Protein chains: 2
Amino acid sequence: MTRQKPKEAALTEEDICQRVRDSVLEQRLAPGTKLTEESLCGVFGVGRTTVRRAFLLLSRDNIVELQKNKGAVIASPSPDEAQQVFEARHTVEAALLARASEAADTNDIQNLRGHLAQEKDALAKADIARWIRLTGEFHLHVAKLAGNTPMYHFLEQLVFRSSLIITLYGRHGQPVQSCTGDEHTRLVDTLERRDIVAAQEILTHHLNDIEATLRFERAAGGDDLHQIFGMARAS
Amino acid sequence: MTRQKPKEAALTEEDICQRVRDSVLEQRLAPGTKLTEESLCGVFGVGRTTVRRAFLLLSRDNIVELQKNKGAVIASPSPDEAQQVFEARHTVEAALLARASEAADTNDIQNLRGHLAQEKDALAKADIARWIRLTGEFHLHVAKLAGNTPMYHFLEQLVFRSSLIITLYGRHGQPVQSCTGDEHTRLVDTLERRDIVAAQEILTHHLNDIEATLRFERAAGGDDLHQIFGMARAS
DNA sequence: AGATACTAAATTGTTGACAATTCATCGTCA
DNA sequence: TGACGATGAATTGTCAACAATTTAGTATCT
């Protein structure tokens, strides 16, 4: 798509973080993926310094895990961490939602409906990667209306981690997020009516739905390839 | 105090962040203070690389502001940001408090009472810097009991920023935080009784008290030394 | 005096070489 | 075959020199 031309302005570490985050949100970067400095230097056409800074920032947001002398790996949240992330989302997102429903004007609602249309379009075209990203971004769009920057950034982190969690523990047969019932549309409706209680109820239900699709049984650390492929162990 | 010996194990960027954060919490580092790389290299006995990484992490937490080619400055939250920080504290800390009151066992309560004793001791000895730090850390101790790491770290950020805000906008005549009425003690009491509602009420009141001592009238950006010192401008 | 332009010092940003560590491959031996 | 160990390649960590930018100081002119 957007090909990298050699003589463009150099990408900053924020740009690289953004790219990585987007890839996580689209579930094109799976937990456990090793990110070497050299490969990212090549891909983005930047020096090692920049990549290194990006790694440091991403590790701060728990998107990559940074081990001394071992490099960067896309984080693999444990079941325990997953539970905590969703608990945090419940509280923070509920508060943001309350604020958003107070603050949202006609224009904001219209933008949200535009976003919903994009979601439907992506789903219709079976562009699953884009749809996954859009459903994640929907929550952030709503949150931004609340006008609380610290909480917004915090939720951002949580949404990215949620994406990792869903990739890890979501059942792949299911709709990747349970958003198919179009809870998003109903949420926008309640926002338009400024019905805070209903909005928070939908949100709680929505998040619980997502959590309900998770299955934590699989071995937490180190995939067992024999089990995954259903192969008996060579004795 | 703790003098730096030349042949000790090198400090990591996290150590430096911690030192800076502590200084902010003790209000020994005022907003607007310029931090040069060289000076911190000298103070901590580390290379420029490490200091640089620390700056990047601190800027991520909004403790320092990092301007291209201009270096690092202790952040000066605007009145608007201050309001958002306290709003975020209200929601996050209330949720953590609810969790903490469910989870706290006898041992936890005892540790908190120990902390209260330290606070009183520092106040009695007029060790204001230590007292300020302890009152800030109290909130974090309580929050840690909730067992939600993401929210805990988020609150940590908010507490540090609160310290900057109080330094900037707090009236210096007043008790630096309004914690003199010993709302902390009452909070521990309610935790022991697992009285979530009362605990949250005290918290809300406590945070409102702190906010109430803030005065945002002063010129937001760039101290006007003429005004501060009450000097007429030389015409 | 005040404003402007220029020079020098100080500070930050970047790059590349080198050191340290880890990882992979291969060989040896029981 | 499997375990152990050593060698070499690959990757990460560190440092110092160099480049770019900002800041401070000085001189000059109106």
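This report describes a predicted model, with attention to a sheet and a helix of chain B and to the interface with chain A.

## Sheet of chain B

Chain B contains an open sheet of three antiparallel strands, arranged in the order β1-β3-β2. Its edges are formed by β1 (34–35) and β2 (64–67), each of which pairs on one side only.

Four bridges join β2(B) to β3 (residues 71–74) of chain B in the antiparallel sense. Within this part of the sheet, Glu65(B) has Val73(B) in β3(B) as its bridge partner.

## Helix α6 of chain B

Helix α6 of chain B spans residues 128–144, 17 residues in total, and extends 24 Å from its first C-alpha to its last, close to the 24 Å expected at 1.5 Å a residue.

Because twelve of these 17 residues are buried, α6(B) is largely enclosed by the rest of the structure. Among the buried residues are Trp131(B), Arg133(B), Glu137(B), Phe138(B) and His139(B). The elements covering them include α1 (13–25), α4 (79–103), α5 (106–124), α7 (149–169), α8 (183–192) and α9 (196–212) of chain B.

## Interface with chain A

Contact between the chains involves 25 residues of chain B and 25 residues of chain A. The buried area is about 2100 Å², with carbon and sulfur atoms giving 54%. On the side of chain B, Leu56(B), Arg60(B) and Gln84(B) lose the most area to chain A, together 29% of what that side buries.

Six salt bridges are found across the interface, as are twelve residue pairs in polar contact. Arg60(B) forms a salt bridge with Asp61(A), in which the closest N and O atoms are 2.9 Å apart. The elements of chain B that give two or more residues to the side touching chain A are α1, α3 (48–60), α4 and α7; α4(B) provides the largest share, eight residues.

Technical notes. Residues numbered from 1 in each chain as written. Chains lettered and ligands numbered in written order. Predicted model: local features only at pLDDT ≥ 70, side-chain atom pairs only at ≥ 80, totals over all residues. Heavy atoms only, no water. Pairing = 2+ DSSP bridges. Expected span 1.5 Å × (residues − 1). Buried < 20%, exposed > 50% of the residue type's maximum accessible area, 1.4 Å probe, protein only. Contact = heavy atoms within 4.5 Å. Buried area = accessible area lost by both parts, 1.4 Å probe. Salt bridge = Lys/Arg side-chain N within 4 Å of Asp/Glu carboxyl O. Polar contact = N/O pair within 3.5 Å; in protein donor to acceptor, adjacent residues only side chain to side chain.
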